[in-house]
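Work through the following exercises on helix packing and nonpolar cores with the model open beside you. Each task is followed by a solution that goes step by step.

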Amino acid sequence: MALTALDAKTALIVVDLQKGIIGSRFIHAIGPVVDRTVELIGAFRKHRLPIVLVNVAGVAPGRTERQRQHASVLSEDFTDFIPQIDRQPDDIVVTKRTWGAFASTDLDRQLKSRGVTQVVITGVATGTGVESTARQAYEQGFNVTLAIDAMTDARTEAHEYSINQIFPRLGETGTAHDVMQLLASRSE
């Protein structure tokens, strides 16, 4: 389905494009994912729309049956955003310790206080950080758009399931180019 619209107050949420994760193995080359996200960041900045940079600095408490990734001591620069993101002083920065960016942070309050009604989400990993953030955004009442060519995962099945089964139930999906076309169609 093609994207239909972007609300007047739409924010871009970039999930976990940080030094401690970017070197992981992904099913798609990470370079194009980063490039498309950087293009979206530029377009959102041009239109003076909010940018949310999300990083992860640990895990939620509780037992799991599988050993947790990154559960050991994190490197000093693990949470640093990759340089291509070019963090700016007015970017909203959210550090999470859960899969989704809303559950353990004040992101909902920050976005609603700025009048944001829609979010566009990119990043890694499709089936965990991105999907959880999209689910939580939807549950908080935001219109959700997912730039599916600006995300990837380490697991093919998780990536494909999220894109084909979950995302269409949470919002609209399209490419980064589709989002930028909608932004460009706005009067300057």
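**Exercise 1: a helix pair**

The axes of helix 4 (residues 126–139) and helix 5 (residues 156–170) come within 10 Å and cross at roughly 5°, where axes are lines fitted to C-alpha atoms, for helices over the stretch in contact, and angles run from 0 to 180 degrees between N-to-C directions. The model is a predicted one, in which local features need pLDDT of at least 70 and side-chain atom pairs count only at pLDDT 80 or more, while totals for chains, interfaces and linings use all residues. Residues are numbered from 1 along each chain as its sequence is written, and side-chain values use heavy atoms, with hydrogens and water left out.

Task: classify the packing of helix 4 with helix 5, and divide its contact residues by class.

Solution. The crossing angle makes helix 4 roughly parallel to helix 5, a term for angles under 35 degrees. From helix 4, the contact (heavy atoms within 4.5 Å) includes Val-130, Ala-134 and Tyr-138, and from helix 5 it includes Ile-163, Ile-166 and Phe-167. By class, there are eight nonpolar, four polar and three charged residues.

**Exercise 2: one face of helix 6**

Task: find which residues of helix 6 (residues 176–184) are buried, and say what they pack against.

Solution. Buried, meaning under 20% relative accessible area with a 1.4 Å probe and protein chains only, are Ala-176, Val-179, Met-180 and Leu-183. Seen down the axis of helix 6, these residues fall within an arc of 95°, so they line one face of the helix; the arc is that of the directions from the helix axis to the C-beta atoms. In general, an α-helix has 3.6 residues a turn, so residues three or four places apart point the same way. The buried residues of helix 6 pack against helix 2 (30–46), strand 4 (118–124), strand 5 (143–152) and strand 6 (172–174).

**Exercise 3: the largest core**

Task: state how many residues the largest nonpolar core has, and which element gives the most to it.

Solution. A nonpolar core is a set of buried Ala, Val, Leu, Ile, Met, Phe, Trp, Tyr and Cys residues joined through side-chain atoms within 4.5 Å. The largest has 31 residues, and Leu-12, Leu-40, Phe-44, Ile-85 and Val-179 have the most contacts inside it. Helix 2 gives the most to this core, with seven residues.

Definitions and conventions:
Buried means under 20% relative accessible area, exposed over 50%, partly exposed in between (1.4 Å probe, protein chains only). Helices (H or I, at least four residues) and strands (E, at least two) are DSSP runs, numbered from the N terminus. Angles under 35 degrees count as roughly parallel, over 145 as roughly antiparallel, 65 to 115 as roughly perpendicular and the rest as oblique. Ala, Val, Leu, Ile, Met, Phe, Trp, Tyr, Cys and Pro count as nonpolar, Asp, Glu, Lys and Arg as charged, and the others, Gly among them, as polar.
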